[in-house]
Amino acid sequence: MNILVINGVNLNLTGTREKGIYGEETLDEINAELRAFAEGKGHSADFFQSNLEGELCEAIQSAQGRYDGIVLNAGAYSHYSIAIRDAIAATSLPVVEVHMSNVHAREAFRRTSVLTEVCRGEILGFGKRSYLLALESFFL
Ligand code: DQA
């Protein structure tokens with residue numbers, strides 16, 4: 001399987017922002033671990049990050065036909081981007097929503113995701129392991 005891992009707004013700052021919440025590893029370091037994990041199981045993973053909502057929609061659109069599934073941490077867009085929700089609804093690819101933090105244990109506005117209903121599933125609260133678990137869900 002070939003999985004596309006998409007990170008949205010501010011996730012490029014992982015490792016430097018709010019380390020108590022998101023950890024000390026950079027996104028590149030996490031992605032390297034994800035790649036090794038996928039390859040170790042005989043699969044592959046590619047990576048895309050953008051702070052721009054439209055670019056995230058384009059990444060979801062263009063994954064069709066090139067990937068078997070998407071792991072998506074849309075960051076704050078998860079809570080209000082109808083455009084990203086529509087892009088997920090439009091693709092036939094399964095999308096697994098990811099959050100590193102337990103969004104239900106934080107501010108009230110993080111408890112709602114407009115994406116979850118159109119995703120295959122959601123994994124949250126396990127730090128970088130949220131991504132690993134989401135990837136693994138495609139390999140089971
Ligand atoms: C996040 C949670 C969001 O609420 C937040 O805006 C992020 C990261 C997470 O991975 O825990 O940027 O998606």
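Glutamate 18 lies in the loop between S1 and H1, where helices (H or I, at least four residues) and strands (E, at least two) are DSSP runs numbered from the N terminus. The model is predicted, so that local features need pLDDT of at least 70 and side-chain atom pairs count only at pLDDT 80 or more, whereas totals for chains, interfaces and linings use all residues. Residues are numbered from 1 along each chain as its sequence is written, and side-chain values use heavy atoms, with hydrogens and water left out.

Although glutamate 18 is not a glycine, its phi is positive, at about 35°, and with a relative accessible area of 43% the residue is partly exposed; buried denotes under 20% relative accessible area, exposed over 50%, and partly exposed the range in between (1.4 Å probe, protein chains only). Asparagine 10 is found in the loop between strand S1 (2-9) and helix H1 (19-22); its phi, near 75°, is likewise positive, and its relative accessibility of 32% makes it partly exposed. Most residues other than glycine have a negative phi.

In helix H3 (residues 53-63), the buried residues include Leu56, Cys57, Ala59, Ile60 and Ala63. Seen down the axis of H3, the buried residues fall within an arc of 160°, and therefore line one face of the helix, the arc being that of the directions from the helix axis to the C-beta atoms. These buried residues pack against S1, strand S2 (44-49), strand S3 (69-75) and helix H4 (82-90), contact meaning heavy atoms within 4.5 Å. Exposed Glu58 and Gln61 are carried on the face of H3 turned away from its buried side.
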